[in-house]
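Look at the model below. We will walk through its salt bridges, then a pair of helices.

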Amino acid sequence: MKKLWRRLNRPYVTAKSGTSDTGTEVDRAKLRQRRPRPTITSQEAARRFRAHALEEKGHDDVLRIGLKDSFWSDVYHHALTASWPQFLFSSLCGYLAANLIFAALYELAVSQISSPHPLSLLDLFFFSVQTLSTVGYGVMAPVGPVANAIVSVEVLVGMMVNALATGLVFARFARPRARLMFGRNAVISDENKVSALCVRVANQRRSMILSVDAEIALSLLRQTADGHLVREFHPLQLVQAHVPVLRFAFVIAHVIDADSPLTRHSLAALAEDEAEIIVTVTGTDEATGQSVFARTAYRVDQILINHRFVDMVRSNPTGRIAVDFSRFHDTEAHAPAPE
């Protein structure tokens, strides 16, 4: 990205007719012009901002200017938020680097380490591995003050590394995750002459989620008169914002009445403003007692008008209740309510 930015802002020379390539430095300086900075429209900027509104990971096409990421002061957060491949690869690189450093230190005092055979750097590396993990098979041992001092430092480092690594791995496994599933589309149904925006959410775990609180907001990205992009959030009043128990599935509904922000904005206007319907759900997992959180967003083209969700609950021939999660994303069209 830095190379691309330098290339876009690098000055270039425009050759005029009759101008020789062997001109003086002053002539070439007069011909040199700066390439204009690439500009994007407000709609394009809005689309890019919309794409990153709810993403967890960073994006290469977004430059954070004026913000310094202090890695060492926030290393715990980085270790928790990194993906498992990144976490394992970084741990492996750190483990190998630590053992190589101590192996090089042992190389300086190799005569003070007893061994049945001459020691190579690879032998000292594995001796460091045994010392760092406090295994100590007894084949090699320090016999001098320098070697014993290095071993003492490595044992201390090993105990600290093992404690930190154990805590990090446990924290990554124990971090609460909400297995909540949102419908692929939101729907606007006007059955019974009541128009409502509906979003379906389901619990994918066997344990229930207690004291569920839901919130829906209309997000608009607009450009002010002075050219600034401003994101606006308009809360949508829900029919039932609090659910005591979420065991299977629940439909979050917002009635589109005269006071609703959706009434004051047509779908075409919402599409022009790059609008999104942002849904957040919080609750308490019954099995772990930890708070869980989930969120999603729907673009205007993901909202189906005059549709309703297909029923998931049915009874089978044995008399038991069956919840068919394969029908969770299914919707069906219905006739609009008569005027």
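Is Arg 205 buried, partly exposed or exposed? Arg 205 is partly exposed, because its relative accessible area is 32% (buried is under 20%, exposed over 50%, partly exposed in between, with a 1.4 Å probe and protein chains only). The model is predicted: local features need pLDDT of at least 70, side-chain atom pairs count only at pLDDT 80 or more, and totals for chains, interfaces and linings use all residues. Residues are numbered from 1 along each chain as its sequence is written, and side-chain values use heavy atoms, without hydrogens and water.

The whole structure holds 3 salt bridges (a side-chain nitrogen of Lys or Arg within 4 Å of a carboxyl oxygen of Asp or Glu). Arg 205 pairs with Asp 285 at 3.7 Å, N to O. Arg 205 sits in the loop between strands E7 and E8 and Asp 285 in strand E12, so the bridge ties together parts 80 residues apart in sequence (strands are DSSP runs of E, at least two residues; helices are runs of H or I, at least four). Asp 285 is buried, at 6%.

Glu 332 bridges to Arg 308, with the closest N and O atoms 3.0 Å apart. Glu 332 is in strand E18 and Arg 308 in strand E15, 24 residues apart.

Now the helices. The axes of H5 and H7 come within 11 Å and cross at roughly 175 degrees (axes are lines fitted to C-alpha atoms, for helices over the stretch in contact; angles run from 0 to 180 degrees between N-to-C directions). The two helices are therefore roughly antiparallel, the word for angles over 145 degrees. Phe 173 lies in H7. Phe 173 counts as exposed, at 65% relative accessibility.

Note on methods:
Parallel < 35°, antiparallel > 145°, perpendicular 65-115°, else oblique.
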